[in-house]
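This report looks at one strand and its pairing partners, and then turns to the pockets of the structure. Please keep the sequence and the model at hand while reading.

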Amino acid sequence: MAANEDVPDPVIAQPDGFTKVPDSVSPGAVPHGNFRHYYTFNEPEERTKHLPSHLLFKCVQQRADDGSPLLLLDIGCNTGELTTSLLEHWHCDELKHRSFHTLGLDIDPSLIVRARRKYNMLGDRAEFDAINVADASVTADRLQAFLSKHGRSKFDLITLFSVTMWLHVHNGDDGLRRILKQLASVTDAMLLEPQIPRCYKSAKRRMTRAGVDLPPYLDSVELKGDGLLPAIRAMVMEECDLPHVLELGDTHWDRSLTLYTRTAVSLADV
């Protein structure tokens with residue numbers, strides 16, 4: 001999809017809690033994972049090749065088909081390449097009679113400017129906004145506005161691709177738990193690709209080398225090492241009440257893609 005060069009750059013407010021670093025800082029040392037050229041080294045296909053095209057259909061199959069719009073929420077959308085790829089990837093034949101809309105959120109306003117500019121031709125099929133999802137009130141208002149606009153009370157699926165570490169190191173163990181619980185309250189299906197423990201060490205090394213202030217909880221989180229991923233899994237299954245787990249494969253960075261749902265979905269079905 002080509003950008004419309006005639007569309008002026010929008011002005012977007014900087015969310016509370018966002019730390020902007022100079023452009024001279026190495027792209028790999030940004031403190032929120034807001035990499036400026038993320039999809040040049042991690043293309044959307046690296047995720048979508050593990051995601052069956054009928055996966056969303058199976059997630060919504062047990063809900064009465066009233067013709068209402070399908071809604072996807074992508075947390076940490078960056079410049080929107082993966083967010084918009086999923087619009088096409090998951091709009092399978094069984095769902096073509098229903099409109100499909102996505103909301104992408106990221107903490108970095110400059111990335112949202114680029115996403116809006118690049119995908120403006122999609123209209124309200126793809127909306128992008130700069131929000132710190134750790135701000136529970138702001139997040140709740142934005143999600144409710146999107147849901148109400150489309151006559152829905154929940155998203156059909158919420159995705160968090162390589163986002164959990166950044167939420168974790170900026171908000172701590174309890175903050176990560178609270179954010180995931182808030183998101184799970186407005187969906188029956190959540191897809192996570194959590195960073196593995198060594199990613200925390202790599203992030204600290206890059207930021208230290210670049211002289212960037214470290215996220216406030218990077219050195220104090222208790223969920224770490226071999227216990228990190230099992231703790232996140234238990235958090236989503238038990239505290240977020242999404243008890244059914246479907247493993248979808250590992251990316252080339254050894255990060256697993258896992259679907260959590262309130263109703264079981266089988267690989268044999270997709």
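## Burial of strand E5

A residue counts as buried when its relative accessible area is under 20%. The structure shown is a predicted model, and by that cut-off 5 of the 5 residues of strand E5 (residues 189-193) are buried, so the strand is largely enclosed by the rest of the structure.

## Pairing of E5 with its partners

Strand E4, which spans residues 157-161, pairs with E5 in the parallel sense, and 4 bridges connect the two. Within this pairing, Met190 of E5 stands opposite Ile158. To pass from E4 to E5 the chain goes through helix H7 (residues 164-184), and the β-α-β crossover formed in this way is right-handed.

E5 is also joined by 4 bridges to strand E7 (residues 256-261), and here the two strands run antiparallel.

## The largest pocket

The volume of the largest pocket is about 640 Å³. It is lined by 36 residues, of which His32, Gly33, Ser162, Val163 and Trp166 are the closest to the centre of the pocket. Two or more lining residues come from each of helix H1 (38-41), strand E1 (70-75), strand E2 (100-106), H7 and helix H8 (197-210).

Helix H7, through which the chain crosses from E4 to E5, gives the largest share of this lining, namely 5 residues. By residue class, the lining of the largest pocket divides into 18 nonpolar, 12 polar and 6 charged residues.

## The second largest pocket

For the second largest pocket the computed volume is about 300 Å³. Its lining consists of 17 residues, and those closest to the centre of this pocket are Cys59, Val60, Arg63, Asp156 and Asp188.

The largest share of the lining of the second largest pocket comes from helix H3 (residues 55-60), which gives 3 residues. Divided by class, the residues that line this second pocket are 6 nonpolar, 4 polar and 7 charged.

Conventions: Residues are numbered from 1 along each chain as its sequence is written. This is a predicted model: local features need pLDDT of at least 70, side-chain atom pairs count only at pLDDT 80 or more; totals for chains, interfaces and linings use all residues. Side-chain values use heavy atoms; hydrogens and water are left out. Buried means under 20% relative accessible area, exposed over 50%, partly exposed in between (1.4 Å probe, protein chains only). Two strands pair if DSSP finds at least two bridges between them. A crossover is right-handed if, with the strands pointing away from the viewer, the path from the first strand over the helix to the second runs clockwise. On a 1 Å grid over the protein atoms alone, a cavity is a set of points where a 1.4 Å probe fits but cannot get out, and a pocket is an open set with protein on both sides within 12 Å along at least five of seven lines; lining residues have an atom within 4 Å of a point. Grid points are joined across faces, edges and corners, and a volume is the space filled by probe spheres set on the points. Ala, Val, Leu, Ile, Met, Phe, Trp, Tyr, Cys and Pro count as nonpolar, Asp, Glu, Lys and Arg as charged, and the others, Gly among them, as polar.
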